[in-house]
Amino acid sequence: MTGTAPAAPAPLVELADVHKRYNVGRPNEAEVLRGIDLAVGPGEFLALIGPSGSGKSTLLNILGLLEPLTSGRYRLQGEDVSTLDDAALTLRRRATLGFVFQFHHLLPAFTAEENVTLPALLRDGRVGAADRARARELLAAVGLAQAMHKRPGELSGGMQQRVAIARALVHDPPLVLADEPTGNLDRASSDEAFALLRRMHDERRTSFVVVTHDPRLAARCDRVVELVDGRVVRDEAGSGPAG
Amino acid sequence: MATLLGFERQVAIRFLREGRMQSVLIIVGVAAGVAVVTYITALIGGLQRNTLEETLGAQAHLTLYAPDDVVRPAAPRVDGTTTLAATQARAQRLQSIANWGPLMDAVQAWPGVAAVSPMVTGAALAQRGEASRAIALAGVDLDRYDRIVQLRSKVVAGTARLAPGDAILGQELASDLGVQVGDRIAVSTGPVTDTVLVTALVDLGIRDLNRRTVLVPLRAAQSLLGLPGGATRLDVTVDDVWQAQAIAQSLRARHPVKVESWQEANAQLVSALNAQSVSTGVIRAVVLVVVVLGIASVLVVSVVQKQREIGILRAMGATRGQVLRVFLLQGAIVGAVGSALGVLLAAVLVWAFTAFVRGSDGAPLFPITLEPALLLQAAALATVCGVLAAIAPARRAAALDPAQAIRL
């Protein structure tokens with residue numbers, strides 16, 4: 001009896017020879033990404049590290065469909081998204097991606113619960129009972145059961161980042177992109193937020209790409225990709241959550 | 001099922017509530033603008049209506065006369081010759097409109113004509129004892145004339161009645177002659193003198209008319225003025241006073257009579273009303289421009305202040321169209337709420353004007369009404385202005401690059 005090895009799961013993200021230049025054709029033209037090849041599989045927890053100006057945030061923006069690439073190819077869930085127009089990219093972002101930003105970036109006029117139900121409001125024009133229940137469940141999961149009706153201004157930095165994490169996950173996106181999610185927090189809050197990201201990943205097997213400056217946190221990811229001068233100079237396994 | 005504009009509505013309201021002081025100030029600004037526009041429109045409308053009512057209350061909308069007597073050249077000019085002549089205009093004698101009976105029937109059937117009344121009018125003298133006054137003697141058919149100037153509603157003493165030998169006097173003339181209802185006066189036109197019984201005194205709304213008007217039956221005036229069976233004018237009331245000029249022109253083209261519209265008889269008044277309307281229009285336009293600029297400036301500031309929020313929403317999947325509509329909706333909300341408050345403020349202003357601004361007799365100067373149509377028009381206009389004002393800021397917000405907006 002002969003058997004075949006199970007096929008490797010198709011990558012969620014595939015970047016092939018991606019270049020990004022700003023101010024093309026002007027004297028101040030700058031190439032920020034120089035031929036990036038990167039694949040992120042389903043359920044990966046990947047850290048993107050590198051010095052300032054190495055192109056981490058630009059790469060994250062491209063992964064997040066927030067910026068177009070200058071050349072190369074980007075396939076998301078098997079679909080070539082390099083040539084989609086703005087409207088199509090927007091709908092793709094809405095359905096496929098979750099974002100966690102360094103400065104929390106919650107809407108100050110909305111409560112924690114309302115911030116978390118924003119994706120449902122965007123999608124349906126209203127927030128149903130099921131959406132609200134899901135938001136509460138997630139807020140409880142990130143330890144904010146008592147702060148659901150507070151505005152961002154009434155929450156600490158760490159609490160705001162936990163709301164942002166809940167918001168990024170509420171619509172079950174296959175990929176969450178986090179740009180320095182702990183960069184604005186003290187060490188204790190930073191550890192707490194990172195542990196929460198890991199826990200959410202482990203519970204849901206959502207793919208995470210996390211940009212960080214902190215080598216200590218990067219080491220706790222499953223895979224570490226290092227960028228220098230717009231090129232991938234290291235791509236290796238991290239030590240995982242135990243690290 | 002997706003709710004129409006649910007996202008846009010919620011975000012627009014939250015954005016407005018977030019910038020509370022800014023929102024309150026611009027809503028108050030819009031309310032003030034709408035109140036000024038509504039109040040001025042109602043005030044000028046009331047003033048013009050009142051002026052027209054007073055003017056047209058004592059006169060016909062159209063008057064038809066016999067054509068003027070003109071001097072005709074003795075012989076036609078021969079080509080190649082020059083004639084030197086000094087022509088003196090003929091004095092106009094009192095003359096009847098030819099075939100006024102059939103003409104009256106024809107005018108009565110004219111489109112837009114509501115009523116026609118024949119009149120014989122000329123100068124005369126009214127006497128009682130030692131007192132005598134120059135008067136305008138008018139012979140009318142009371143029922144027909146009532147449809148022209150609503151004479152019965154102007155009676156201040158007695159009962160309007162014009163049987164043979166009866167007369168109706170302007171109240172000032174009665175006072176000058178010292179007569180009351182039931183007294184007799186002599187009316188003289190030179191060769192003919194008649195004695196008439198005063199049955200009613202009327203207030204025609206214009207002191208000069210009250211001082212010289214004597215109305216008698218048509219036949220009596222024909223006899224006194226030496227025009228048996230004649231009528232010197234036909235008074236006409238039309239359905240729409242602003243169509244009087246057009247009807248006058250069509251009548252002139254069809255019948256050999258002189259036709260004068262109320263606009264021609266009151267050219268200065270019409271000019272004043274037009275100037276007033278133009279001024280009001282200019283004030284309204286300026287106020288609306290200020291309202292639009294006010295809303296636009298607040299929303300431009302709001303877009304700058306909320307760049308990061310707009311970036312987050314775009315990153316989360318808000319389309320450019322959704323962002324555009326969030327700001328257009330803010331403009332519409334500011335316009336609608338401002339106009340609702342403005343309409344209330346206008347109602348207060350109108351009430352205050354009516355309650356506190358009084359004439360020398362203690363009565364309100366003139367009635368002002370806030371027509372529902374005007375209120376709806378003002379509210380709709382302000383809302384549309386709000387949306388128009390929001391277009392530029394909304395386009396700017398929708399065009400924001402999300403990656404750049406988030407970095408700010």
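Predicted model: local features only at pLDDT ≥ 70, side-chain atom pairs only at ≥ 80, totals over all residues.

Residues are numbered from 1 along each chain as its sequence is written, while chains are lettered from A and ligands numbered from 1 in the order in which they are written.

**Overall shape of chain B**
- Chain B has a radius of gyration of 33 Å, whereas a compact globule of 408 residues would come out near 22 Å (the radius is taken over C-alpha atoms, and the globule rule is 2.2 Å times the number of residues to the power 0.38).
- Along the principal axes, the C-alpha atoms of chain B fill a box of roughly 105 × 70 × 45 Å.

**Strand 9 and its partners**
- In chain B, 5 of the 6 residues of strand 9 (residues 233-238) are buried, so this strand is largely enclosed by the rest of the structure.
- A residue is buried if 20 or more other C-beta atoms lie within 10 Å of its own, exposed if 12 or fewer, and partly exposed in between, with C-beta atoms placed from the backbone.
- Strand 1 (residues 62-65) of chain B runs antiparallel to strand 9 of chain B, joined by 4 bridges (two strands pair if DSSP finds at least two bridges between them).
- Across that pairing, B:Thr63 has B:Asp235 as its bridge partner.
- Strand 2 (residues 113-128) of chain B also pairs with strand 9 of chain B, in the antiparallel sense over 6 bridges, and here B:Met119 stands opposite B:Arg233.

**Nonpolar cores**
- The largest nonpolar core holds 129 residues, and A:Leu48 and B:Ile295 have the most contacts inside it.
- Helix 12 (residues 320-356) of chain B gives the most to this core, with 11 residues.
- A second, separate core of 57 residues includes B:Ala126 and B:Leu151.
- A nonpolar core is a set of buried Ala, Val, Leu, Ile, Met, Phe, Trp, Tyr and Cys residues joined through C-beta atoms within 7 Å.

**Confidence in chain A**
- The mean pLDDT of chain A is 88, with 94% of its residues at 70 or more (pLDDT is the predictor's confidence in each residue, from 0 to 100).

Methods:
Helix = DSSP H or I, 4+ residues; strand = E, 2+ residues; numbered from the N terminus.
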